[in-house]
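My notes follow in the order I made them.

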Amino acid sequence: MVRISSIIFTAVFSVIFVVSAFAVEDVPQSFTLDGRLYNSATPTSPLLDSGTFRIQILNPDQTCILYEESQTFNTITSDGYFNLRIGGITGAVKRDTADRNNSLATVFSNTSAVAIPGKLASDLVTNCSYTGASGHVRRVRVIVTGSDLVARALSPDMILDSVPNAVDAETAESLQGLTRNQVLVLGAGSLSQANVENIFSAINYPILTGLLGGTSPNHVQTDANGASLPDFAWNPVAPVAGQIWYDTATNTIKYKDNTVVIKTVGVSGGAVTSITAGAGLTGGTITSTGTIALDTVGTAGTFTKVTTDAYGRLSSGTSLVEADIPILSTAGKVSGSAINTGTIAGNTVISTTGAIGTSSSVSARTFDA
């Protein structure tokens with residue numbers, strides 16, 4: 001029969017991480033259980049046998065099994081000594097029937113928001129759950145089945161600290177209950193220590209909060225009703241070209257141009273405050289009062305022939321010359337007494353149904369037949 005002595009048997013627990021054997025995203029945890037088995041028939045004689053260890057991790061009250069696995073052992077050649085690594089990834093073959101497939105990070109979690117599922121220790125079948133709390137420990141129960149096929153639980157259940165210490169802090173599964181995806185890690189892209197310190201520096205942090213709060217001159221907030229300009233009861237100390245704001249003291253919208261001038265866009269219900277004369281007009285830029293007039297483009301006078309510019313204004317003029325009059329060849333264009341002097345020359349034939357009247361003589365010429 002197997003016998004365990006609390007004086008001779010020692011159980012050493014430590015958390016060991018074997019990152020190379022698993023994916024980085026699922027850093028495994030395990031602890032080492034070692035000791036020596038003795039035969040109760042001869043208490044000073046080591047137990048030389050082979051069989052199975054069933055290891056259970058229970059809640060502090062030892063009522064709910066949070067983890068269970070089985071491993072074979074053989075102490076025939078080890079003079080009773082054994083060494084077991086307890087723990088495995090979820091779904092590992094060595095997990096036993098009462099196991100609820102919890103990771104060891106979950107098993108040892110003392111975060112009050114986490115309810116850890118388990119099986120009742122009384123029947124190994126009924127589901128149960130346990131919620132950790134600060135300072136809670138876990139109990140380790142070891143059940144040994146030797147070659148005689150009799151299962152014997154080593155007594156008492158051993159205490160295991162609720163949160164074992166990691167050998168390497170960089171591979172710890174959680175940070176005060178926070179998992180890897182809940183922790184901001186510096187060094188990813190632009191998320192460096194230098195950039196973070198720059199954003200939250202004494203100069204930039206007020207700018208950031210101003211942008212978030214809508215009080216920064218660089219902030220433009222939009223919604224269904226339009227865009228909101230930053231508002232001030234005075235002109236900003238050193239605005240740059242292109243910046244715009246609402247002056248609450250004068251109820252005006254102002255902006256900075258590319259000169260030293262701060263200009264006003266307008267006032268609700270107000271009038272145009274500045275006009276610049278365009279091409280063909282005189283008056284320049286009028287900001288208060290002034291006159292806009294037509295620009296001079298030609299010389300005043302009376303003309304029979306005129307020239308206009310692209311806007312239809314008379315730009316110059318001259319008198320008609322003979323070359324400006326076209327040849328009249330259409331009947332009826334000259335009639336009545338329009339011709340009252342001169343000689344009709346050429347070979348023109350006068351054909352008329354009326355009488356030819358004259359105060360002078362009419363001469364005729366003889367033509368050869």
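**Strand 3.** I began with F31, whose bridge partner in strand 7 is I86. Strand 3 and strand 7 run antiparallel and are joined by six bridges; two strands count as paired if DSSP finds at least two bridges between them. Helices (H or I, at least four residues) and strands (E, at least two) are DSSP runs, numbered from the N terminus. I then checked burial and found six of the seven residues of strand 3 buried. Buried means under 20% relative accessible area, exposed over 50%, and partly exposed in between, with a 1.4 Å probe and protein chains only.

**Basis and confidence.** This is a predicted model, in which local features need pLDDT of at least 70, side-chain atom pairs count only at pLDDT 80 or more, and totals for chains, interfaces and linings use all residues. Residues are numbered from 1 along each chain as its sequence is written, and side-chain values use heavy atoms, with hydrogens and water left out. I noted an average pLDDT of 78 for the protein, with 79% of the residues at 70 or above; pLDDT is the predictor's confidence in each residue, from 0 to 100. Over residues 1–27 pLDDT stays under 50, and the model has 68 contacts beyond four places in sequence for that stretch. Contact here means heavy atoms within 4.5 Å. Where pLDDT is low, the predicted coordinates should not be read in detail.

**Core.** Which residues touch the most other members of the largest nonpolar core? I found L33, F53 and V142, out of 26 residues in that core. Strand 3 (30–36), strand 5 (50–58) and strand 10 (138–145) are among the elements that give it two or more residues. Strand 6 gives the largest share, four residues. A nonpolar core is a set of buried Ala, Val, Leu, Ile, Met, Phe, Trp, Tyr and Cys residues joined through side-chain atoms within 4.5 Å.

**Cysteines.** I searched the whole structure for disulfides (cysteine sulfur atoms within 2.5 Å) and got one. C64 and C128 form it, with their sulfur atoms 2.0 Å apart. The pair links distant parts of the chain, 64 residues apart, with C64 in strand 6 (residues 64–74) and C128 in strand 9 (residues 127–131). The link of C64 and C128 is right-handed, with 90 degrees about the S-S bond. Both C64 and C128 are buried.

**K119.** Leaving aside neighbours within four places in sequence, its contacts include C64, C128, T63 and R100. The side chain of K119 makes a polar contact with the side chain of N127 at 2.9 Å. A polar contact is a pair of N or O atoms within 3.5 Å; within protein, one must be able to donate a hydrogen and the other to accept it, and residues adjacent in sequence count only if both atoms are side-chain atoms.

**Strand 16.** Strand 15 and strand 16 run parallel and are joined by two bridges, and F232 has D247 as bridge partner. Strand 16 pairs with strand 17 (residues 252–256) in the antiparallel sense over four bridges. These two strands form a hairpin with four residues between them, and N251 in the turn has a positive phi of about 55 degrees.
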